[in-house]
Amino acid sequence: MKEVLIEVPNVRWEDIGGQHELKLKLKQAIEWPLTNPEVFPRFGIDPPRGVLMYGPPGCSKTMIAKALATESRLNFLTIKGPDIFSMWVGESERAVRELFRKARSVAPSIIFFDEIDAIGAERGSDSGSSVKERVLAQLLTELDGVTSLDNVTIVAATNRPDLIDRALLRPGRIDRIIFVGLPDTNTRREIFSIKLKKMPVGEDCSVEKLVELTENYSGAEIQAVCREAGISALEESLEATEVSWRHFQRALDSG
């Protein structure tokens, strides 16, 4: 497994356009148990142990997880599902144990599993991989916790929730499931506004026109449009001082 680094991200909610309902749900699941732990026993309930974000690719799931860590002042450990696996017998399971040990040692912390479907696939769905089943079993053991997971929160992301073993999503494990969809009109408007604040644009550039022309674009695709528009301006002249509408039009046409 690749070395898991402990990050203190510098991404804030204001860096992410829109998604206000999603942000609220994540605050409820992650921030409230840390800042107001007494409110849950009052109602005889436990806070969520983990959160799964699912939806199409390019919708800022990783960036959202980093913003959550920043705003909650949590240490952030991230691992891509496929990176867990090793060619050596027993090393993949050991990597899972080490990841949780490290998270406990720097708590309060978030473990972010990107592409969790790679390690959380439904058992029996891949007849050729007993390693995957052992890794999933180890992950379930860590979540159930002989050693307490106090102040360690699990956040996971996937584009394929249908592949994930149901046992992983049981109450007390990863039990808050949140859809992260393509940005709607207001979210696209906020994303473009954030991007264009950092980009010198001509008076002929219209955020509303960009919003209209990017229906069904992901957040990543919107950022790519802005980047390609900037490159288009520089292709005309390295002395260019602003991005004009024609540059955005080229970026949209090339996409």
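Me: What percentage of the residues in the chain is buried?
Reply: First, this is a predicted model, where local features need pLDDT of at least 70, side-chain atom pairs count only at pLDDT 80 or more, and totals for chains, interfaces and linings use all residues. Residues are numbered from 1 along each chain as its sequence is written, and side-chain values use heavy atoms, with hydrogens and water left out. Buried means under 20% relative accessible area, exposed over 50%, and partly exposed in between (1.4 Å probe, protein chains only). Of the 255 residues in the chain, the buried share is 44%.

Me: How many helices and strands does the chain have?
Reply: Helices (H or I, at least four residues) and strands (E, at least two) are DSSP runs, numbered from the N terminus. By that count the chain has nine helices and six strands.

Me: Which domains is the chain divided into, and what separates their centres?
Reply: The bounds come from an automatic or database domain assignment. They give domain 1 (6-179) and domain 2 (185-253). Taken over C-alpha atoms, the centres of domain 1 and domain 2 are separated by 34 Å.

Me: What area is buried between domain 1 and domain 2?
Reply: Buried area is the accessible area (1.4 Å probe) that two parts lose on being put together, summed over both. Carbon and sulfur atoms give 50% of it here. For domain 1 and domain 2 the area comes to about 570 Å².

Me: Which residues of domain 1 lose the most area to domain 2?
Reply: Three residues together make up 50% of what the domain 1 side buries. They're G17, G18 and G58.

Me: How many residues of domain 2 are in contact with domain 1?
Reply: Contact means heavy atoms within 4.5 Å. On the domain 1 side, 10 residues take part. On the domain 2 side, the number is seven.

Me: How many salt bridges does the rule find across the interface of domain 1 and domain 2?
Reply: A salt bridge is a side-chain nitrogen of Lys or Arg within 4 Å of a carboxyl oxygen of Asp or Glu. The structure holds 14 salt bridges. Across the interface of domain 1 and domain 2, though, the rule finds zero.

Me: Why does the salt bridge of R12 and E71 tie together separate parts of the chain, and how far apart are they in sequence?
Reply: The two side chains meet at 3.6 Å, N to O. R12 sits in the loop between β1 (6-7) and α1 (20-35) while E71 is in helix α3 (residues 61-72), so the pair joins parts of the chain whose separation in sequence is 59 residues.

Me: Which residue meets R189 in a salt bridge?
Reply: R189 lies in helix α6 (residues 185-197) and is partly exposed at 25% relative accessible area. Leaving out residues up to four places away in sequence, R189 touches V207, E208 and V211. The salt bridge (2.7 Å, N to O) is with E208.

Me: Is H247 buried or exposed?
Reply: H247 is in helix α9 (residues 245-254). Neighbours within four places aside, H247 is in contact with A229, S232, A233, E236 and E242. Its relative accessible area is 2%, so H247 counts as buried.
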